[in-house]
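Trainee: I'd like a close look at one part of this protein. Could you walk me through the pocket side of things?

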Amino acid sequence: TDSEFMCNISVTLQNVAYDKGDFSHVDHLVEEGVLTLISKQLQKWSEDNTVMVTLLGTLENITCNRVDIKELIVNSTEYGNIPELVTNIFQTSSNVKVLESTIDCIYIMLHGSMALHEHFSAKQFIDTCISRIRSDVLSSEYKIKILR
């Protein structure tokens, strides 16, 4: 199916982006437009939880340990508004796996860079964090990750 095909592409990109601790492929992926692809596909596949989880995993791997990529995401509209997309997913999704993947992605995106902090500090986002912590949907591990 189209969904399985998209998941396979995304998982392949995850593996290319993070090859046993080697992030050297990330620059090439960014140059080839993978961030733009992820942005568009997050919007297109918003109703398919499995695809969303794999796309968020790909975004997490691309931004992991790469402050320069995080700053690109903030400073360029060329890649779509990835912080806004991720925030919207966090605020609207009811699927636990998508929420966990979104939290993991946000956590990695915020780690080591101040560039994205303003995008994840709006009152509505903070209110959603509080709501997610109070709910019984997420495990304690993810509630703690939100607090960090």
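Trainee: Which helix gives the largest share of the lining of the second largest pocket?

Mentor: That's helix 6, with 4 residues. Before we dig in, this is a predicted model, where local features need pLDDT of at least 70, side-chain atom pairs count only at pLDDT 80 or more, and totals for chains, interfaces and linings use all residues. Residues are numbered from 1 along each chain as its sequence is written, and side-chain values use heavy atoms, with hydrogens and water left out.

Now the pocket itself. A pocket here is an open set of points on a 1 Å grid over the protein atoms alone, where a 1.4 Å probe fits, with protein on both sides within 12 Å along at least five of seven lines; lining residues have an atom within 4 Å of a point. The second largest pocket holds about 220 Å³ of space, a volume being what probe spheres set on the points fill, with points joined across faces, edges and corners.

Its lining has 13 residues, and Ser46, Met52, Ile89, Thr92 and Ser93 sit nearest the centre. Helix 6 (82-92) has a partner in helix 4 (49-63), as each supplies at least two lining residues; helices are DSSP runs of H or I, at least four residues, numbered from the N terminus.

Nonpolar covers Ala, Val, Leu, Ile, Met, Phe, Trp, Tyr, Cys and Pro, charged covers Asp, Glu, Lys and Arg, and the others, Gly among them, are polar.

For contrast, the largest pocket has about 350 Å³ of space, and its lining divides into 13 nonpolar, 3 polar and 2 charged.
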